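Thanks for coming. I will take one structure this morning and go through it from the whole chain down to single residues. Please have a look at it first.

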Amino acid sequence: MTTSIIGYPRIGAQRELKFATEKFFKKELSEADLQAVAATQRQANWQKQAAAGIDFIASNDFSFYDTTLDTAFALNIVPKRYQELAVSPLERYFAAARGHQSEAGDVKALAMKKWFNTNYHYMVPEFDDGTEIKLDLTKLLSEYREALALGITTKPVLIGPFTLLKLIRFTGQTQLSDVQEDFVKAYSEILSVLATEEVAWLQLDEPGLVFDLTESDIHLFKAIYTALLPQKQTVKVLLQTYFGDVRDVYSDLIQLDFDGIGLDFVEGRKTAELIQTHGFPADKKLFAGVVNGKNIWRNDYQKTLEILQTLPKDSLIISTSCSLQHVPYTVSAEPELPQDILRHFAFAEEKLLELKDLNDIFYHGQVDSLTANQALFASERYQGNQAVQAKVAALGEADFTRTPTFAQREAIQKDIFQLPKLPTTTIGSFPQTADVRKNRLSYKRGDITKAAYDTFNQEKTKEWIKWQEAVGFDILVHGEFERNDMVEYFGEKLDGYVFTKNAWVQSYGTRCVKPPIVWGDIARVQPLSVADSVYAQSLTDKPLKGMLTGPVTILNWSFPREDISLKASTLQIALAIQEEVLDLEQNGIKIIQIDEAALREKLPLRQTDWNSEYLDWAIPAFRLVHAKVAPETQIHTHMCYSEFTDIIPAIDAMDADVISFEASRSDLSILDALQANGFRTQSGPGVYDIHSPRIPSVEEIQNVIRQILTKVPAEKLWINPDCGLKTRGVTEVKASLENLVKATQDIRAVL
Ligand SMILES: Nc1nc2c(c(=O)[nH]1)N[C@@H](CNc1ccc(C(=O)N[C@@H](CCC(=O)N[C@@H](CCC(=O)N[C@@H](CCC(=O)O)C(=O)O)C(=O)O)C(=O)O)cc1)CN2
Ligand code: MET
Ligand SMILES: [Zn+2]
């Protein structure tokens, strides 16, 4: 037994599960049919892993929405508002994930947050005072049995008790310390049920251990497992960590009675050193995460073997650095890319084979695959762009500094724009309805001309501009109909990118992304958005907001190069976007939004590394994009998942004039932090949650605005939704936005 998989993608190689689930949402597919699609997907995943010769195959890594939510449901950590809905169990589960609005009730969704440093999102479990932990292992057991019936023995996966406790939001009086014992009891019961089922191994995912841990975190971790592990009977427990190293608890955890410990050698900068210093116990298996689970480049076998050689050979299991859910299914679904490019990529399926190769080289001295791999890495992959490299090298302090000061610009712009108090706007995209996507698909297939494609999108823009004017928005947007995705779209237009046809990765629920691949040096070789913005501005006298994605987000939502630094790639992208910003300005666009939705994503998980490893270049990269615009041009930015309470000075240092961000799913707690930090950037905290199809009432929005006004001065406040509206339906968007404008107008009248 020498190879292991932490988790596998689940949306389906052709996104079968995504499409089936969306049909189920629209009541076009029965629950039984949806379950059948799910079972087929699980079966395909297990059989792929088995065929590749993987020894430890994951189960219960499947999910209809999110595995953290699954684990919460398995423990009955389900707030009363969902328990009380008169709907089926699966619908209750989806109600917690997406909100629910029907005769059965009207409830908001759970909060959704980024899963550590990835573009995957998990649902934040809520523990209210009525919550009573009760075990329901139906899902885990039936999936285990399903695999067994196929002749495949799996290791079921759950989020571990420490990480789950740290992720839960306690919404009542109950606190973490009150439920710690119940958690131990519940996980003990899990172990005893699994023992009865004769499950050999259970994988408990504890990525919560890779943060900087406090004394009390360490105490909590030790207390939980010291109590839990004696209950494991015949079940072996694998403690699986990923997304970094566990330097704060390593010496403790090797003394606990785990049967296996999974460590990340890719993102865990200190993992190898920890083992050198403290050793690794002979009675445990070391699951070594040496194949990158997040990026799509081929593994460098020579380098990996050098790591493996330092590890205890008899205890070793070769694994990936994290679940493969963060990479696409297979390069074989990309027949249009030349072999010369594809041979440098390994998606999930190819990574299974890499584990097998490494196993055969390491244990059986099989050299053919090693030789081939060495040849691949010795070959020249791409031709650099000298001009871009020189531009980056020549950058100096002034390139990163916008003049005049923020306060001077604020005064100048107030004068020019003459906006009402609480100006209203949206974040950029309007619904990407079936006809919008169909139009793009027809164009991509060559069924319609470029002109017909553009005309269709222009008609959409025209309709929505009219609608925005009629409803009374102050700053209008063109709607982003030309975009498949806010990053992939720009990737396709920039030089230096490679993009795929089918390389989808789950972002949240049924929503997927197809990250473009940074292949070489990045350069702007054509305008990216000018025509769309200029056309939209020609239709209205109101200011039209130009719409771009910022360099940090473009980089973070791409598969990045591994041969140069993230900083170097980001600065190249920043120079490209800067050219576009200046081009928009030249063409009469007076307000430009530069989205940095993913600014926080690659913030190191350990606070000690925040500045030196990330913020010190990411924030300047954003400033580089807009530093050269005139003081009269208003620069907006937008961020999702307002988890930037702890980096507020850095957000102000982006030196945008206005920022909109997600706030409504997080109890507006961000606003206290803005106030406490004397935040100067004008802000638009989202007044309703766009990730849910429910329509907020006028009154509901008014309450939110009033609450915001107690924390943000009216002169600095903008009113907008949380995020773009591309995932929503037209009816709900119109109703919600009409309510938003109405709510704002009523409040303006009494300000
Ligand atoms: N990259 C990225 N990350 C992000 C976000 C984001 O916008 N982009 N937003 C945040 C939330 N995450 C999100 C991730 C994805 C989507 C989303 O809407 N994804 C769409 C796909 C968007 C897309 O690329 N569409 C393409 C291709 C659509 C498609 O599947 N076409 C079908 C046919 C048409 C159809 O039936 O829909 C095909 O080619 O076969 C297009 O419009 O051209 C989806 O999963 O459905 C939204 C939010 C955080 N992370
Ligand atoms: C995920 S952030 C989205 C920003 C983009 N401008 C939009 O409205 O869709
Ligand atoms: Zn957003």
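I will begin with a loop residue. Asn60 sits in the loop between β2 and α3 (67–74); helices (H or I, at least four residues) and strands (E, at least two) are DSSP runs, numbered from the N terminus. Before going on, the conventions: residues are numbered from 1 along each chain as its sequence is written, while chains are lettered from A and ligands numbered from 1 in the order in which they are written. This is a predicted model, in which local features need pLDDT of at least 70, side-chain atom pairs count only at pLDDT 80 or more, and totals for chains, interfaces and linings use all residues.

Back to Asn60, which has a positive phi of about 65° although it is not a glycine. Most residues other than glycine have a negative phi, and most peptide bonds are trans. Is Asn60 buried or exposed? Asn60 is buried, with 26 other C-beta atoms within 10 Å. The cut-offs are these: buried means 20 or more other C-beta atoms within 10 Å of a residue's own, exposed means 12 or fewer, and partly exposed is in between, with C-beta atoms placed from the backbone.

Glu198 also has a positive phi, about 60°, and is not a glycine. Glu198 is found in the loop between α8 (176–196) and β10 (201–205). With 11 C-beta neighbours inside 10 Å, Glu198 counts as exposed. One peptide bond to note is that from Thr403 to Pro404, which is cis, with omega near -5°. Pro404 belongs to the loop between α16 (386–393) and α17 (406–417).

Now the whole chain. The protein chain has 28 helices and 23 strands. Its radius of gyration, taken over C-alpha atoms, is 26 Å, close to the 27 Å of the globule rule for 751 residues, so the chain is as compact as a globular protein of that length; the rule is 2.2 Å times the number of residues to the power 0.38. The C-alpha atoms fill a box of roughly 75 × 60 × 55 Å along the principal axes. Of the 751 residues, 49% are buried.

Next, the sheet. Eight strands form an open sheet in the order β1-β14-β13-β12-β11-β10-β8-β2, with parallel pairing; two strands pair if DSSP finds at least two bridges between them. β1 (3–4) and β2 (57–59) are at the edges with a single partner strand each, so one side of each has no neighbour in the sheet. Inside the sheet, β13 (residues 285–291) and β14 (residues 316–320) run parallel and are joined by five bridges. Across that pair, Ala288 stands opposite Ile318 in β14.

Last, the ligand. How many residues surround ligand 1? There are 20, and the closest are Asn484, Ser507, Arg511, Cys512 and Val513; near here means a C-beta atom, placed from the backbone, within 6 Å. α18 (434–444), β16 (505–508) and β17 (511–513) each supply at least two residues of that shell.
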